[in-house]
Amino acid sequence: MRKIIFLLSFVFTLNAFSQNDSIQKTILKGQIIHADTNDALSAAHVLNLNTVQGTITNDKGFFELPTSVNDTILVSYLGFSSIKLKITNDLLKGNELEIALYEKPQEIKEVVIKSTKLIGVLEIDVKQVPKDRFTRIHINGLRQTYEVGKPQKRDFSSPLAALFQPVDYLYNLFGKKPKQLKKLQKLKKEDDLRKMLAGKFDREVMMEYLDMDRQELSELLTDCNYSEYFIRKASDLQMIEAVLDCYENYKALKKGKIERDKIPTKKN
C-alpha cells in the first residue's frame, strides 16, 4: 500500500513540474504613446503584476518585458491615466504592441501664497522660515527612517470598531496570501523596481497587491502611527517600506520576535 501511495505522489509531482514547464515566458515588446498626439512617452513604467518584473520605456517609448499568458501588465506615466492589460495568446503572437495613454484632467485649485518677512539678518531670518513638523529623516548606517513630530492617532468609537483595524486586515492578508508579501518584498529589494517606485506617487501598485483603495491605505498607515504628512508626501517606495515595517512590528507583537524579511516556505 505504501508503494502505491509513493508512486501516486511521484506521478503527481512529475505532473506539477510538467505544468510549470509548460508556462513559457515570452518577451512582450511594445511602445507607449500619447493617445492624442501619438508622441512617444519615454520613462513610462511597465510592471508585470504577476511576476513583479518591471521596466521603463526608452527615449522612443519602446519597452521589452518577460510575460506569460494571463499575466497582468500595469502601464503608468506621470500625469496620465494608467491602464491594466491582460496578456493573451493573441498579444504574444503579434509584433510590437502599441499602448496609448490619455492625460488626466487637471483640477484647478485656488493657490494661496504666503510671504515671509525677511530683514536681511541671517540669525533672525532663519527663525522666520516655517518648519516642517513631520520631516522624515534618515541616519547614515541605519536602514530605518524616522519622523520628527508626533504621528497621528486614531480614536475608535467602540471596542468592536478597534478590532477591525486595517493593520489586522494586513496581518490576515499576508497570513493567508504569503505570495502578496513576497511580491512587496521583491519590489523593495530589486534595484530597477526601487528606482521606478521612488518616483511614483499614485499608490496604484500598493492598491493592486493589498486590494485597498487610497483611503484604506491612509487608514492603514495611520494605524501604523505614520503621520498625515508622511502619508500624503511619501513615494510609493517609501509607502511599501512603511507597510512592510508595520507588518513586521505587528507580527512581532502577535507572535514574538521574528527575523526581518523571513517568509515561511510552504512544505511540499
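Strands β1 and β7 run parallel and are joined by five bridges. Helices (H or I, at least four residues) and strands (E, at least two) are DSSP runs, numbered from the N terminus, and two strands pair if DSSP finds at least two bridges between them. The model is predicted, so that local features need pLDDT of at least 70 and side-chain atom pairs count only at pLDDT 80 or more, while totals for chains, interfaces and linings use all residues. Residues are numbered from 1 along each chain as its sequence is written, and side-chain values use heavy atoms, with hydrogens and water left out.

On β4, strand β1 (residues 26-34) pairs in the antiparallel sense, over six bridges. Within this pairing Lys29 stands opposite Glu64 of β4, and Gly30 has Phe63 of β4 as its bridge partner. The three strands form an open sheet in the order β4-β1-β7, and the pairing is mixed. Because β4 (62-67) and β7 (97-101) stand at the edges with a single partner strand each, one side of each is left without a neighbour in the sheet. From one strand to the next the twist averages 35°; axes are lines fitted to C-alpha atoms, for helices over the stretch in contact, and angles run from 0 to 180 degrees between N-to-C directions. Strands of a sheet pair through backbone hydrogen bonds, either parallel or antiparallel.

A further open sheet consists of four strands in the order β3-β2-β5-β6, with antiparallel pairing. Its edge strands, β3 (53-56) and β6 (83-86), each pair on one side only. The twist here averages 20° from one strand to the next. Strands β5 and β6 run antiparallel and are joined by four bridges, and Leu74 has Lys84 in β6 as its bridge partner. Helix α7 packs on this sheet and touches β2 (45-48) and β3, contact meaning heavy atoms within 4.5 Å. The direction of α7 makes about 60° with that of β3.

Among the helices, α5 (residues 166-176) packs with α11 (residues 236-255) at an angle of about 85°, their axes being 10 Å apart. The two helices are therefore roughly perpendicular to each other; angles under 35 degrees count as roughly parallel, over 145 as roughly antiparallel, 65 to 115 as roughly perpendicular and the rest as oblique. On the α5 side the contact is made by Val167, Asp168, Leu170, Tyr171 and Phe174, and on the α11 side by Val243, Cys246, Tyr247, Tyr250, Lys251, Lys254 and Lys255. By class, eight residues of this contact are nonpolar, none is polar and four are charged. In this division Ala, Val, Leu, Ile, Met, Phe, Trp, Tyr, Cys and Pro count as nonpolar, Asp, Glu, Lys and Arg as charged, and the others, Gly among them, as polar.

Helix α5 also packs with α6 (residues 178-189), at an angle of about 100° and with the axes 4 Å apart. That makes α5 roughly perpendicular to α6. Phe174, Gly175 and Lys176 of α5 meet Pro178, Gln180, Leu181 and Leu184 of α6 in this contact. The residues involved comprise four nonpolar, two polar and one charged.

One disulfide is counted, a disulfide being a pair of cysteine sulfur atoms within 2.5 Å. It is formed by Cys224 and Cys246, whose sulfur atoms are 1.9 Å apart. The torsion about the S-S bond is about -70°, so the disulfide is left-handed. Cys224 lies in the loop between α9 (214-223) and α10 (228-233) and Cys246 in helix α11, so the pair ties together parts that are 22 residues apart in sequence.

Most residues other than glycine have a negative phi. Asn70, in the loop between β4 and β5 (72-76), has a positive phi near 80°. Arg203, in the loop between α7 (191-198) and α8 (204-210), has a positive phi of about 65°.

The protein averages a pLDDT of 75, and 64% of the residues score at least 70; pLDDT is the predictor's confidence in each residue, from 0 to 100. Over residues 146-152 pLDDT stays under 50, and the model has 26 contacts beyond four places in sequence for this stretch. Over residues 156-163 pLDDT also stays under 50, with six contacts beyond four places in sequence. Where pLDDT is low, the predicted coordinates should not be read in detail.
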